[in-house]
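Me: Please show me the structure, and then let us go through it by question and answer.

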Amino acid sequence: MSRILQNMSVQPALNLHAWEERFKSHLLAHASFDAGHDLEHIQRVVLSARRIALQENAELNVVLPAAWLHDCVIVPKDSPLRKQASRLAADAAKVFLESGGYPEQHLDAIHHAILTHSFSAGIPPETLEAKIVQDADRLDALGSIGIARCLMLGGSMGRALYHPQDPFGESRMHDDLTYTIDHFFVKLFKLPSQMHTQAAREEAEKRVGVMRQFLEQLGREVG
């Protein structure tokens with residue numbers, strides 16, 4: 001990790017706009033998207049990551065490539081290989097960046113940020129840039145877009161929307177492998193406390209508020 005930190009010393013500015021166009025073109029040509037991980041998801045993560053990075057004075061030459069390429073390899077959430085997804089994406093991103101001539105001094109830091117962004121991988125981020133990419137990715141699981149993504153993924157995997165007798169698990173164990181709404185309680189509502197940056201934590205709390213309002217309305221509608 002010391003090598004990553006050493007490599008992140010001040011370097012001449014890159015033409016990041018041109019590189020971002022290359023990232024987008026690469027994804028459109030090579031990525032295999034699923035219901036919850038498409039180009040729009042990536043672009044939202046990039047937007048959040050950019051905002052947080054500017055607030056935190058982080059290295060954009062690391063944050064933006066990592067945000068653009070964090071899902072360049074998609075492994076379905078119900079796949080036995082799911083825990084390897086971020087490593088596969090990190091390795092593929094590094095190969096792509098090396099072949100395109102991206103400055104070598106940033107490659108290890110970008111690899112680390114992609115490797116550690118995944119909830120499934122369970123690898124803690126050790127740099128500010130990696131923490132920002134993880135925060136930005138997790139923000140996209142919350143709020144209105146988080147609700148939509150959760151329901152899309154649950155439907156794509158054949159899960160019921162909710163338990164018919166106890167929709168919110170008030171008197172049973174939550175089971176998000178069977179009921180989509182249970183995923184709110186198993187994982188999503190816990191994300192704000194896991195954010196690394198203050199800006200992401202505050203935004204996550206706001207988005208969770210939207211999700212709780214949705215559940216209140218859902219409860220009224222299903223009785």
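**Helix contact and aromatic rings**

Reply: Val 62, Val 63, Ala 66 and Ala 67 in H4 meet Glu 129, Ile 132 and Val 133 in H7, where contact means heavy atoms within 4.5 Å. Helices are DSSP runs (H or I, at least four residues), numbered from the N terminus. The model is predicted: local features need pLDDT of at least 70 and side-chain atom pairs pLDDT 80 or more, while totals for chains, interfaces and linings use all residues. Residues are numbered from 1 along each chain as its sequence is written, and side-chain values use heavy atoms, without hydrogens and water.

Me: At roughly what angle do the axes of helix H4 and helix H7 cross?
Reply: Axes are lines fitted to C-alpha atoms, for helices over the stretch in contact, and angles run from 0 to 180 degrees between N-to-C directions. The axes of H4 (residues 60-69) and H7 (residues 128-139) come within 9 Å, and they cross at roughly 35°.

Me: Is the pair of Phe 168 and Phe 185 stacked, edge-to-face or tilted?
Reply: A search of the whole structure finds 7 aromatic pairs. Rings of Phe, Tyr and Trp (its six-membered ring) pair if their centres lie within 6.5 Å; planes under 30 degrees apart count as stacked, over 60 as edge-to-face and the rest as tilted. The rings of Phe 168 and Phe 185 have centres 6.4 Å apart and planes at 50°, so the pair is tilted.

Me: Is Phe 168 buried or exposed?
Reply: Buried means under 20% relative accessible area, exposed over 50%, and partly exposed in between (1.4 Å probe, protein chains only). Phe 185, at 21%, counts as partly exposed. Phe 168 has 18% relative accessibility, so Phe 168 counts as buried.

Me: Which residues is Phe 96 in contact with, leaving aside its neighbours within four places in sequence?
Reply: Phe 96 is found in helix H5 (residues 85-100) and is buried, with a relative accessible area of 14%. Phe 96 and Leu 69 are 27 residues apart in sequence and 9.6 Å apart in space, C-alpha to C-alpha. With those neighbours left aside, the contacts of Phe 96 are Arg 22, Phe 23, His 26 and Leu 69.

Technical notes:
Helices (H or I, at least four residues) and strands (E, at least two) are DSSP runs, numbered from the N terminus.
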